[in-house]
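Let's take a walk through this structure together. We'll look at sheets, then cores, then cavities.

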Amino acid sequence: MRNYMIIFIKIFCLILIIISVASLPQDTFAHWPLFGQNFTKNNLSDHQINGPLEVKWTLSGFTSPNKPVVSIDGTIYLSSIYKFAAVSPEGQQKWAGNLYGEPVTATAGDNGNIYIPTIGCNPYLYSFDPNGNRLWKYDMRQTGGLCGYNNPTRINLSPDQKTLYVGAGYTWMALVAFNTDGSIKWATRLGGFNSPSSSPVVSPVDGSIYLGTGGDGKLFAFTSEGVAKWNRHIGSGGPTVRVGNVTVGPDNNIYAVSSGASQGEVLNSFDPLGNSRWLYRLPGGSWFGPDLAIKGNAVYIIEESSNKERRSLHAIDTNTGNLLWKWSPPDFLSGSLKPPIIDKNGTIFLSWDKTLYAVSPEGQTLWFLTLGSYISSFVIGGDNLMYLTFSSGDLAALANLQPTPAPAPEPFLDLPWDYQGKGLSFNEAAQAMSSYFDHEYPLLSTNLNELEEAGGNIVSFRGLPRKSLSYSSHDGYDYAKLAKVNIGDPVLAAAAGEATYVNTCVACGNMILIDHKNGYQTRYLHLQKDGLIAAAPEQKVTVNAGQPVGKVGATGNVVPAGDRGAHIHFGVFQDKNKDGNFEDNIPDGATDPFGWQSKDPDPWPLFEFKDPKNGKTLWTGNKSYYLWTKKLDNLDSTLTSNGGVFKTSRATLNFPEGATNQNLNINIQSSPVVKISNILSSIGSTITATAKDALGNLVTQFNNLFTITISFKDFDLGRFKQDTVSIYSSPDNINWHKETTSINWTEKTASAALNHFTYFALMAERADVLPPTTSANLTGDKGQDNWFRSDVRVNLDARDNEGGSGVDYTMYKVDDGDWQQYLTPVNFAGEGRYKIEFYSADLDENLEDIQSIEFDIDKTAPDAAIDANPKSLWPPNGKMVDITVTGNSSDNHPGSTNISIDDEYNLVEPAVSNFGQTIRLEAQREGGDLDGRVYIIKVVAEDLAGNITEKQTQVIVAHDQGKKN
């Protein structure tokens, strides 16, 4: 019965309007930009809400409260039936007063003054100072009329805070501007049946004013001087249509909601000239029409319906009017779905029943909070602060009672080599890594081990699942030949800071650390010994961004296998405990400078280091942020049924009309290089392309073929077999399929016609897949095997395979020393054993397996001595006499010892095999032999290097007895 009475009163009122319109003066007014100030601010907030909120305080005593407003000093102003109150940010009522009429939502000026209209039979405009003192009151009834039809709209302030704007109902039916002292500045009559039903808004571009009305259901446009430009019927128009909300978007187009019993709700868009752009119809609706919110390329509107299952939030594309996505609460409850408010981050907040929801810009529920009463309205009152009113008459403050997360650090890094001088863009150079940061277990710098199930795999910054990439537990990025990083190239400081040299980490080789004085440190490993910016561990050197700090090398634990060899290992660490010491944040401070680019949780910050005694968590892994000052290619756009062309720096995707029959969010990202095998690899970076429907579901197939074109104009194809260049696609970035490809050698592009997403790469077979071979030549005075008794000169001779790319460099190390580049033959002089390990790399980074050779240098001759007993044989009677041979021979590396007997007459030369042996010599001489017969007993000792020592003694058969010696 009540509904019929309301309709009757409205129709009766419209009849009275026809005969009772008063003529009002039309004054000019100054330009004023879009404001929508306190009551909606286009339902956008300059503040952000980080995560779920909790109830901070509650204040009771308000009957049917309106939406609260927050002044510049944080005071909350809340109007309810016949009451208007000021509440402190701590939840204490500062003052309260009664008003004639039923107040609506107030407006707070920057000067602290408050402006509030009342409706019903006592329509007034009020102004109060911050202490609750009334400054003025203006009676909006003018010449009288029915209760409820003099109602003003909500008040808005001009940007200069000097003018109040309000729509006046029957009997005025005008747009009225007030001075802040309560006097009328100007008024513009609307005419006809047009009673204002929306608050006025203005274009930020040209100052045009837009106002919606009931009665005729029109949208009006005026110039900044108040001259009518145009008006349009919205929807079906007529006495049952009401334009309940009008908003000007950042694109200067106008968005207006019309509602009525016969048409439901319609969201309309017009250009500034009044031409209809599109309309979007919602089957539900209310007489008043919902508030709108516009952010980015989406306008957000609530669908209200008696069918609870249809109550939802719609995101509409501002360009096309097509549905981007639709969101409904997980449970269909009673009550109304309240209009959205959007925070600085783009998170959308809305309420239904007793629950407050946070929804992502993609339409996914982030979190929700269920409270004890039905929510009437809510506003964002500051960072992590929200005020809610309830049907119970309560005002509550919600806050993030947890510490506010630290803001993301400002990007400050560039790549640590001159990639631009080598013709590479940041996008290509950064993603030409040969080893990744492992987000699951970046424990390389510790003795901790990852779980066996994760061994041999990593989780990259692109997210799960694990991939078989180089290499597990890595805590930084390796850049080598693939990124045009050559041995001996300058390594550059990624940002300004203070550099220190470290040589105590055996596995790291020569290492430079740079403290960037912002809580982050970068590390440069495996540098050559020469060219270091700091040569002593205690030395600290101030460096500028891009300044050379060393040369690319292979010192430390560098294994020349796979994609490694001489390279830059680049790592980033954070001083998490802020004590100025980075060493106590190894490895928990390890940071990926590419951040974490996945919606899945990053496993590294979730990693816990526990106390083995009690199992308590001592610390966790680290949150990674994108720290590069330059961006990777990333395109976000919308694909409609009309098709479209989407371009990145290398790729163009051209969709024909009809490729999809729904609006899709297209995201195209540049991704790292891939190597399918030792033979097949990508030409530069690859492409990750995804499409999602309005509900966030992945779409991988299209109705029609689209064309993908990839440029290779900035790439040297000399290392590839050119007849094998082709576009490949993959559903999972693991299994790749060759697509039919057209090559334009003039434009240096490759194209393929496809109907599916998600991974694409331009690939080719490598022309050279064989490593060089290296031989070692040793020069010196050689003994047995590789034993030398002189200095040794080692010459390494590297040769590439026939038709190969050519030898790039040869590396060698001596014993357990550092790897170093071989440039000239190497000399060895000291005695001892040497092991030389070596390998070579060609210009296409084919790496030879490690070869080795060992040799010894021994320059010291053996010790030897020999004697015989007796040494004189007498008489010379021809008998055989026993002789005992004694002596010794010794050496650290003995080779052979030879004892021989030399008879002067060459008649008796018995064999002697060892010292202590007894031999028989003849006591006989020739008569003419005046000096007697001489037997020489000799020992010759030789070591493995060929060093020789010779000693001898004599046994004599004398000439006569008088000359026994």
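Start with an open sheet of four strands, ordered 68-73-72-70, whose pairing is mixed. Strands here are DSSP runs (E, at least two residues), helices are runs of H or I with at least four residues, and both are numbered from the N terminus. Two strands pair if DSSP finds at least two bridges between them. The edges belong to strand 68 (872–873) and strand 70 (894–903); each has a single partner strand, so one side of each is left without a neighbour in the sheet. Strand 68 runs parallel to strand 73 (residues 948–957), and two bridges join them. Look for Leu873, which sits opposite Val957 in strand 73.

A quick word on what you're looking at: this is a predicted model, where local features need pLDDT of at least 70 and side-chain atom pairs count only at pLDDT 80 or more, while totals for chains, interfaces and linings use all residues. Residues are numbered from 1 along each chain as its sequence is written, and side-chain values use heavy atoms, with hydrogens and water left out.

Another open sheet has three strands in the order 67-69-71, with antiparallel pairing. Strand 67 (863–869) and strand 71 (918–922) are at its edges with a single partner strand each, so one side of each has no neighbour in the sheet. Strand 67 is joined to strand 69 (residues 880–890) by seven bridges, and Asn869 has Thr884 in strand 69 as its bridge partner.

Now for the cores. A nonpolar core is a set of buried Ala, Val, Leu, Ile, Met, Phe, Trp, Tyr and Cys residues joined through side-chain atoms within 4.5 Å, and buried means under 20% relative accessible area (1.4 Å probe, protein chains only). The largest one has 55 residues, and those with the most contacts inside it include Leu413, Trp417 and Ile512. Elements giving two or more residues to this core include helix 2 (426–430) and strand 39 (510–515). Its largest share, four residues, comes from strand 43. A second, separate core has 32 residues, among them Leu639 and Ile710.

Finally, where is space left inside? A cavity is a set of points on a 1 Å grid over the protein atoms alone where a 1.4 Å probe fits but cannot get out; lining residues have an atom within 4 Å of a point. The largest cavity holds about 70 Å³ of space, counted as the space filled by probe spheres set on the points. It is lined by 13 residues, and those closest to its centre include Thr648, Arg650 and Ser670. Strand 50 gives the most to this lining, three residues.

Definitions and conventions
Buried < 20%, exposed > 50% of the residue type's maximum accessible area, 1.4 Å probe, protein only. 1 Å grid on protein atoms, 1.4 Å probe; cavity = no way out; pocket = protein on both sides within 12 Å on 5 of 7 lines; lining within 4 Å.
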